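I opened this structure to look up its nonpolar cores and one of its helices. My entries follow the order in which I checked things.

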Amino acid sequence: MNAFLLWFTFDWTCKSLLKTPFEIFKDNSINSENAFASLEILQEFDNHIHSVFESLKLKSSIAIVRDLFTKTKYEITEPDFLFGSMKGTCFETRLFQIDGKLQFSNYFIQHPPTVIKAIKKRCKQIRKNRESTKPFLITLHSYHTKWERYRNIDIKNIYHFDKSIPEAK
């Protein structure tokens, strides 16, 4: 549910205004009396990073993750969502900068270890072809939901990025 809420807030575009709900809110906040106080906070939220990440180092108070699309490494303080995860875990989330520190959003989609190689391969293709990442992130979220609901179906039939294999429905 949190993933949907953030998608709706930051990615969904209102057809009549051609803006996201966040952009509409930000525009209305600029015209209010407390514009300067809230503008800095809104600007930090506007510059968030939505991607697929791989955990590289996990310590008690710091985690280092790599964005699979850009290969950029990020240091996360207070990585509560990675508690119990292993090095090499592949997950989707959003990173927000709050008070100069990067933090995970309130949703965390961890993908199964058996499909990490295929996800990395597809991320590399997207990076090489300079494609938009949003459709792939929506597809990954859909695959994860199907995998959670239909454990009796082989995971390779759900997480496939090859159009020659029919999608498990």
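Entry 1. I noted that the model is a predicted one. I looked up the largest nonpolar core and found that it has 17 residues. The residues with the most contacts inside this core are Val 52, Phe 69, Ile 119, Phe 136 and Tyr 159. H5 gives the largest share, five residues.

Entry 2. I picked Ile 119 and listed its contacts, leaving aside neighbours within four places in sequence. The list holds Val 52, Leu 68, Cys 90, His 111, Phe 136, Leu 140, Tyr 159 and Phe 161. I also found a second, separate core of 11 residues, with Ile 49, Val 65, Leu 95 and Phe 104 among them.

Entry 3. I turned to H4 and checked its length. At 1.5 Å a residue, its 14 residues should span 20 Å, and the end C-alpha atoms are 20 Å apart, which agrees.

Entry 4. Which residues of H4 are buried? They are Ile 116, Ile 119, Arg 122, Cys 123 and Ile 126. Seen down the axis of H4, these residues fall within an arc of 125°, so they line one face of the helix. An α-helix has 3.6 residues a turn, so residues three or four places apart point the same way. On the face turned away from the buried side I found the exposed residues Lys 117, Lys 121, Lys 124 and Lys 128.

Entry 5. I looked for what covers the buried residues of H4; the cover includes strand E1 (49–58), strand E4 (90–98) and H5. Last, I noted that Arg 130 follows H4 and has a positive phi, near 55°.

Terms used. Residues are numbered from 1 along each chain as its sequence is written. This is a predicted model: local features need pLDDT of at least 70, side-chain atom pairs count only at pLDDT 80 or more; totals for chains, interfaces and linings use all residues. Side-chain values use heavy atoms; hydrogens and water are left out. A nonpolar core is a set of buried Ala, Val, Leu, Ile, Met, Phe, Trp, Tyr and Cys residues joined through side-chain atoms within 4.5 Å. Buried means under 20% relative accessible area, exposed over 50%, partly exposed in between (1.4 Å probe, protein chains only). Helices (H or I, at least four residues) and strands (E, at least two) are DSSP runs, numbered from the N terminus. Contact means heavy atoms within 4.5 Å. The expected span of a helix is 1.5 Å times one less than its number of residues. The arc is that of the directions from the helix axis to the C-beta atoms.
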